[in-house]
Amino acid sequence: MNSGEGTGDGSGDGLKALLPGDAGARLQSLRLVGGRAILVLDAAGLGSLARERLEAEIKGALSGAPGVSEVHVAMMADKAEPVPAPRQGPRIIAVGSGKGGVGKSTLAANLAVALAREGRKVGLVDADIYGPSQARLLGTEGTRAVAHQGKLVPVQSPCGVPVLSMAHLTPPGQAIAWRGPKIAGALIQLVEAHWDNAELLVIDLPPGTGDVQLTMLQRFKPAGAVIVSTPQDLALMDAARAAELFTKGGVPVIGVVENMAGYACPHCGEVSDPFGSGGAELAAREMNVPFLGRIPLHIAIRREADAGTPTAAGEGPQAEAFAALAQAVGDWLDKAP
């Protein structure tokens, strides 16, 4: 039996294999003493939310392991973070969701375009490092971003919204297999680019509540967050988790959008609700945040997204739905302190 397993005391080497990846990289010591697993980690560079998340992951991984009755985690460099100086630059609107498959990226692109059509100077950041899609959605696929004076220069899209994505920095189809620190560095480069006179940055976050979201909260302070969900109960549960992350990080939730709401048959015009109806509005009410409206499930939105011609750049009922969303977000921003 390994000296770190069972009921005896020891180095705890047998428990190291159970640790999540980032914990293993930061581990300074691990001992098993009288059933208590005692870990010391280097917490340099981690904010309070990241430290809490890492500690919870460690306790979840080790609790119930052979010979472990308690888990104690000590974080070195665990001190109060200095208050950063106010960041000069565009106000940030974070667009997030608790899960994938809810149409968040398409909505973020159309929101940025609709805000620009209102006369606002808007940029768009594709923060989904592993699965970037904004280059296609805004018709800039195949264009490489360049750097000037150590900062990236956003790519101008045909609809007038400058955009930056990992798709502008890597060959098409290349898989990105990066860990937390490198992902954080990529996000920082995308956000701290030459956005010139942009007043707003719409940031399309990856789904969930992972490293990119934590870096965003710690390094950049969004003015507010838009949560995207479909009417399904499962999606709504995940949306609530996403909203809670922003609230805990001190970022106000601008509101919830119900995407893919209602499908009008192109032949008879009858409207059906394959994903349900009204769930996001109810969830917003329960979370005590505004409900920003519904975006219909319509084949034109999908076709135009695939073609790189965002629906919000055109005319018609679907474009009007995005215009109404942009107006609601803009009104919120105008009233925010």
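Visitor: What makes S1 and S2 a pair of strands?
Guide: The rule is that DSSP must find at least two bridges between two strands. S1 (residues 27–33) and S2 (residues 36–42) have six, in the antiparallel sense, so they pass. For example, Leu27 has Leu41 as its bridge partner in S2, and Leu32 stands opposite Ala37. The strands themselves are DSSP runs of E with at least two residues, while helices are runs of H or I with at least four, all numbered from the N terminus.

Visitor: What kind of model are we looking at?
Guide: It's a predicted one, where local features need pLDDT of at least 70, side-chain atom pairs count only at pLDDT 80 or more, and totals for chains, interfaces and linings use all residues. Residues are numbered from 1 along each chain as its sequence is written, and side-chain values use heavy atoms, leaving out hydrogens and water.

Visitor: Which residue in the S1–S2 hairpin takes a positive phi?
Guide: That's Gly34, with phi near 55°, in a hairpin that has two residues between the strands.

Visitor: Why are S1 and S3 called edge strands?
Guide: The open sheet runs S1-S2-S3, with mixed pairing. S1 and S3 (70–76) each have a single partner strand, so one side of each lacks a neighbour in the sheet. From one strand to the next, the twist averages 15°. Helix H3 (residues 48–62) packs on this sheet and touches S2 and S3.

Visitor: Why are H3 and H7 called roughly antiparallel?
Guide: Axes are lines fitted to C-alpha atoms, for helices over the stretch in contact, and angles between N-to-C directions run from 0 to 180 degrees. Under 35 degrees is roughly parallel, over 145 roughly antiparallel, 65 to 115 roughly perpendicular, and the rest oblique. The axes of H3 and H7 (residues 211–219) come within 9 Å and cross at roughly 150°, so the pair counts as roughly antiparallel. Contact, meaning heavy atoms within 4.5 Å, involves Leu49, Ala50 and Arg53 of H3 and Asp211, Leu214, Leu217 and Gln218 of H7.

Visitor: What makes H4 roughly perpendicular to H11?
Guide: The axes of H4 and H11 (residues 317–335) cross at roughly 70° and come within 8 Å, and that angle is why they are called roughly perpendicular. Among the residues in contact are Leu111 of H4 and Phe322 of H11.

Visitor: How do you know which classes meet where H4 contacts H11?
Guide: Ala, Val, Leu, Ile, Met, Phe, Trp, Tyr, Cys and Pro count as nonpolar, Asp, Glu, Lys and Arg as charged, and the others, Gly among them, as polar. Sorted that way, the H4–H11 contact has nine nonpolar, two polar and no charged residues.

Visitor: What makes a set of residues a nonpolar core?
Guide: Its members are buried Ala, Val, Leu, Ile, Met, Phe, Trp, Tyr and Cys joined through side-chain atoms within 4.5 Å. Buried means under 20% relative accessible area, exposed over 50%, and partly exposed in between, with a 1.4 Å probe and protein chains only. The largest such core has 95 residues, and Leu39 and Ile58 touch the most other members. Helix H4 (residues 104–117) gives the most to this core, with eight residues. Leaving aside residues up to four places away in sequence, the neighbours that Ile58 touches include Leu19, Leu39 and Val73.
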